[in-house]
Amino acid sequence: MLFAQTATPIQTPAGFEPAFELTNYYPIYLYLGFCLLIPIAAIVGTHILNPKKKTAVKLMPYESGMDPIGPARHKFDVKFYLIAILFLVFDVELLFLYPWAVIAYGEGNDAWRANFGRIVFWEVLVFLATLAVAYVYAWRKGVFKWR
Amino acid sequence: MAMRPNENFLISKLDWLASIVRANSLWPMPFATACCGIELMATASSRYDLARFGAEVMRFSPRQCDLMIVAGRVVMKMVPVLQRIWLQMPEPKWCISMGACASSGGVFDAYATVQGIDRFIPVDAYVPGCPPRPEQLIQSIIDLQDRIKKTGTLMAKEFEQRTEPDRPKTIALQMAPTERVVAPGDFQTSTRAWEEKKT
Amino acid sequence: MSHESTLTKLRERFGTDGFQTSEFRDNFRVIVKVEKVFETLKFLKESCGFNMLAELTAADYLYYPNARDRYGVIYGLTNTVTGERLFVKTFVNDPDPVLPSCFPIWKAADWLEREVFDMYGIVFEGHPDLRRILLPEEFTSFPLRKDYPLRGLGERHNFPAIPRAES
């Protein structure tokens, strides 16, 4: 032990236990330090000590050996995001419905079943109605038309 | 003067260290175009376990690789791609030509199949077989590691002398008279077309 | 499979000497002249129900015994309703092997005609984009012609070699 036990041990019904002391945990910090040091040393060392030839072919974008067509930061049409968001909405809807359905009609005790079957049932209906309104809105806005 | 240590001492120790490190952490770029690629996958998987020799990290980008394993036949349309990927790998780099097709064209002696990739890029180790057993590929990697440990230098100085293409010297004798006739068509710039467009 | 109804319709349209037929096992061919080939194919699609161009290939009859023409172009047609299969064959000759493209009839002919052009150098007039499809753009000869040497003219050695010091 590098650090001596300074605090007095604590008496418990099972016997004496050493008191908590933060200095006892210094190997963790040593370990963390080495964990950071080794990759940083490897990256910096290879960066300094390696042969480099920066030719135009080496610096060109890698497209499996083909000539790249267009820039890498290509702009996508916003309709892809609309589809993604709509998918997410209905995905999350299912995510909420499944646990509720399982508890209300399957698992759980009678009190739970009663609550989830009555009060929460109406809440779920309100939730679905909100989503239906959003769905109708998206439909009227023409999100589902691929323009 | 007499007491001055050899000034190459530190450099040679660094060479030795760098070679050891490089030889035991070869990162292959699998250029698998044909059935040899299946054997390459088998070599990397648990039964043959290329990881025992530190070469299991197959990376599919040439930026992170220093060993190109060409597994399978290479056709004319693939040569500029092969050369470009080879040029995109960082130094120091090595190349293993795996299987009969990559080394010599194999049975595909037709108009479009390249008769050995060593005509166009440097090759360090050839693996015979159609396709080779995984043990053969592992043996070639061990041989390559031995060579890197013996001849490797820190700044890859051992490659600077080799300004001639590494193709076999007898290639002119192997080629038939009709083959020596080079058909018209500009294939010379296809690898570096992008480079020329940039400048 | 019987081809009688198709042949009857063809005879009505083109006359008995408008085409020849031959048969080998279940492989039934209709041989037409180049001038008639587009018309025949259009008629076969529109009136005989051959709605699918299954294949389009060519053959070089150089050094072939008793052959009178150089290139044969073969259209494999399929009727997807009845399952009837028919091969339409036509011949073109050097020095200018040209025949009309059947791209307006079947869109499937696009790549097939490009492939035939790539390998045999047979030009399809009216094709929207007649480029090489398999071989590199720089390739100048047509490798499936019989007068092309088996090991090539050296195109495959045409690339620059990258020495070790340069890479």
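This is a predicted model: local features need pLDDT of at least 70, side-chain atom pairs count only at pLDDT 80 or more; totals for chains, interfaces and linings use all residues.
**Where chain C meets chain B**

Start with the head count: 29 residues of chain C touch 44 residues of chain B. Together the two chains bury about 3400 Å², and carbon and sulfur atoms account for 58% of that. On the chain C side, three residues stand out: Arg156(C), Phe159(C) and Arg164(C) supply 27% of the area that chain C buries against chain B, more than any other three residues.

Asp124(B) pairs with Arg164(C) in a salt bridge, with the closest N and O atoms 2.8 Å apart. The side of chain C that touches chain B is made up of 17 nonpolar, six polar and six charged residues.

**Salt bridges across the model**

Over all chains, the count is 15 salt bridges. Here are some of them, with their N to O distances.

| Pair | N to O distance |
|---|---|
| Asp124(B) and Arg164(C) | 2.8 Å |
| Lys58(A) and Glu91(B) | 2.8 Å |
| Asp124(B) and Arg147(B) | 3.2 Å |
| Lys79(A) and Asp77(A) | 3.6 Å |

Take the salt bridge between Lys58(A) and Glu91(B). Lys58(A) sits in helix α2 (residues 56-59) of chain A, and Glu91(B) in the loop between α3 (79-88) and β3 (94-98) of chain B, so this pair joins two chains. Both Lys58(A) and Glu91(B) are buried.

Within chain A, Lys79(A) and Asp77(A) form a salt bridge. Lys79(A) counts as buried because its relative accessibility is 17%, under the 20% cut-off. Asp77(A), at 37%, counts as partly exposed.

Back in chain B, Asp124(B) turns up again, this time in a salt bridge with Arg147(B). That pair links distant parts of the chain: Asp124(B) is in the loop between α4 (99-104) and β4 (125-127), while Arg147(B) is in helix α5 (residues 134-151), 23 residues apart. Is Asp124(B) buried or exposed? Asp124(B) is buried, with a relative accessible area of 6%, while Arg147(B) is partly exposed at 36%.

Chain C has a network too: Asp60(C), Arg70(C), Asp94(C) and Asp147(C) are joined into one by salt bridges that share partners.

Technical notes
Residues are numbered from 1 along each chain as its sequence is written. Chains are lettered from A and ligands numbered from 1 in the order in which they are written. Side-chain values use heavy atoms; hydrogens and water are left out. Contact means heavy atoms within 4.5 Å. Buried area is the accessible area (1.4 Å probe) that two parts lose on being put together, summed over both. A salt bridge is a side-chain nitrogen of Lys or Arg within 4 Å of a carboxyl oxygen of Asp or Glu. Ala, Val, Leu, Ile, Met, Phe, Trp, Tyr, Cys and Pro count as nonpolar, Asp, Glu, Lys and Arg as charged, and the others, Gly among them, as polar. Helices (H or I, at least four residues) and strands (E, at least two) are DSSP runs, numbered from the N terminus. Buried means under 20% relative accessible area, exposed over 50%, partly exposed in between (1.4 Å probe, protein chains only).
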